[in-house]
Every structure is written in C-alpha cells, then in structure tokens.
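This report goes through one protein model, starting with its sheet. Please keep the sequence and the 3D view at hand while reading.

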Amino acid sequence: MNAIDTMLQHRSIRNFSEKTVEKTVLDQILAAACNGSSMGGMQLFSIIVTQDKAMMQKMAPAHFNQPIATNAPLILTFCADFHRFDRYCECRQTPTDAYHNLQAYQWAVTDALIAAQNACVAAESLGLGLCWLGTITYNTPQFIEALQLPQHVVPVACIPMGYPATNDTPLTAKISWENLVHQETYHESSDEAINQMYAKMENCSNNINMVNDNGFENLAQDYVMRRYKKEDNEYFSQVLKDTLQKQGF
Ligand SMILES: Cc1cc2nc3c(=O)[nH]c(=O)nc-3n(C[C@H](O)[C@H](O)[C@H](O)COP(=O)(O)O)c2cc1C
C-alpha cells in the first residue's frame, strides 16, 4: 500500500492481538516520526515509549481508565520539548529565555504533532493499528509527573499502538473531504449544506444509538451536553494554563 492508500484506510483500533511489536518495526516507526518538518530545523519534540505494563497501570487513572491505556503493547507519548534546545544553548553559552513563552510553545506543539501523525502513517503502513488518546490534554500534570518531564517539556499526543485483534473494524463516518476544503477564501455554508455534511455522522447506527441512549434529540446535543461539556473544558483549560506556566512557557 502506498501512503495515500494507508491514510484512506485509517480507522482507530482499540483492541490488540497478543503479538509483540518487533524492535525493528518500532525503530522504523520512530525513525519516520523523527524525520518530519520542524520549526527552524530545531526538532522541538521528544517521544516517550512506554512498554512497561506497570507504567501503563500507573498512568491509567489519568486516562480515565480507558481499557486501551493498558491493553496496548506500547504507547508513544509525543511531547513539545524546548528543554533539549535550551540545553544546547547552555552548552554554547547562549541565552535560552527567548523561547520561554507561548509562541515557542506553539512551535514545539506543531513539531510534536507532525512527528505524531508521521508515526501513525508509518505504523499503519506496517500493519499496526492505533488510537489517539485525548486524555493526555486533560490530565497533563499527572503525565508530566509519571514520565518525569523536565521544565519546557509538555506532553501533547498519546498514541497506544499494536497489531489489531481483528481486521473487521469499520471506517468511521466522516464529512466528505470536499466540504472541508475552501478555494482561495473561506466560504460560509448554508444551513442546508451543513445538514448534508453532518448527515453521514448523524445517520450511522453507533451515533443514533448513543443519542437515543443518552436521551438527546440529536448528535450535536450529545457532544455539547455530555461528551465534551463546557464546564469540563473550562476546568481543563485552567489546568492547561497553570501547567504551561509551571513548565516555563
Ligand atoms: C486528539 C484526539 C483525541 C482522541 N481521544 C480519544 C480517546 O481519548 N479515546 C478514544 O477511544 N478515542 C480517541 N480518539 C479517536 C477518535 O475518537 C477517532 O479518531 C475519531 O472518532 C475518528 O475515527 P477514526 O480514527 O476511526 O477515523 C482521539 C482522536 C484524536 C485525534
């Protein structure tokens, strides 16, 4: 499969076979992840590989005990990292405080996410399955402590991966790509166009059952009032602001 076929076949995998991921396979994934574009060529990210089940158990509560956080053979955590570049500057007797701010954080997040998605494409092209865990962006302080991250390092993506337990996981219903693309300038969508765009998601049986089971009238309500609620987002926004300050950004 070429890269485009791999990407078009993407689906999140949450159950894994017993088969271990060979070191040669993991090394290829990590090398591909680390070879992407980066801000000024500074490679402002680090990857933490977790394979120790005791470490997975330790971090499980911060992942809200999602089963995938302990049943995957390995987890890659991608961190925005200015610590290593700071160390380089220190070794060259060069000041580092130019980068202890939100602007530099944004560069490092971008570099880390480029590496993360490159790892995903590499892993899927080698037959592995994976699923991002957004919980890394909720309980960030717990992960900083567990992974012993120094100042100017913040975890931004967490991706358990392994060989899929089955090969029948369906593709997820999505908005057609043509609706996500605008030519030259942004074009506002009519209500009718919006209705059409979200129809595929609204009409898939998983979402219909979820909306019914939770007693909502539509999928939008389920998102806003249950899955990703305002009070949770405001609470975790404050956690993030405090964490960025504490980590020196
Ligand atoms: C930033 C991010 C966070 C996610 N967090 C979770 C998560 O915590 N648990 C989970 O089961 N899936 C998680 N996912 C997977 C999404 O639910 C999934 O990608 C989406 O429903 C689309 O399905 P697909 O990946 O099968 O195409 C996350 C995906 C992303 C990109």
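## The sheet

Four strands form an open sheet in the order S1-S2-S4-S3, and their pairing is antiparallel. Strands (E, at least two residues) and helices (H or I, at least four) are DSSP runs numbered from the N terminus, and two strands pair if DSSP finds at least two bridges between them. Strand S1 (45-50) and strand S3 (129-130) are at the edges with a single partner strand each, so one side of each has no neighbour in the sheet. S1 and S2 run antiparallel and are joined by 6 bridges. Thr50 is opposite Ile75 in S2.

The model is predicted: local features need pLDDT of at least 70 and side-chain atom pairs count only at pLDDT 80 or more, while totals for chains, interfaces and linings use all residues. Residues are numbered from 1 along each chain as its sequence is written.

## The whole chain

The protein chain has 11 helices and 4 strands. Some overall values follow.

| Property of the protein chain | Value |
|---|---|
| Span of the C-alpha trace along the principal axes | about 60 × 45 × 40 Å |
| Share of buried residues among the 249 residues | 27% |
| Share of contacts (separation of 6 or more) between residues 24 or more positions apart | 80% |

A residue is buried if 20 or more other C-beta atoms lie within 10 Å of its own, exposed if 12 or fewer, and partly exposed in between; C-beta atoms are placed from the backbone. Two residues are in contact if such C-beta atoms lie within 7 Å.

## The core

In soluble globular proteins, nonpolar side chains tend to be buried together. A nonpolar core here is a set of buried Ala, Val, Leu, Ile, Met, Phe, Trp, Tyr and Cys residues joined through C-beta atoms within 7 Å. The largest one has 46 residues, and Phe78, Cys79, Ala80, Ala112, Ala119 and Ile159 touch the most other members. Among the elements that give two or more residues to this core are strand S2 (74-81), helix H6 (102-125) and strand S4 (153-162). H6 gives the largest share, 10 residues. Beyond its neighbours within four places in sequence, Ala112 is in contact with Phe45, Phe78, Cys79, Ala80, Val156 and Ala157.

## Cys89

Is Cys89 buried or partly exposed? Cys89 has 16 C-beta neighbours inside 10 Å, so Cys89 counts as partly exposed. Cys89 is in helix H5 (residues 83-91). Residues up to four places away in sequence aside, Cys89 touches Thr94, Pro95 and Thr96.
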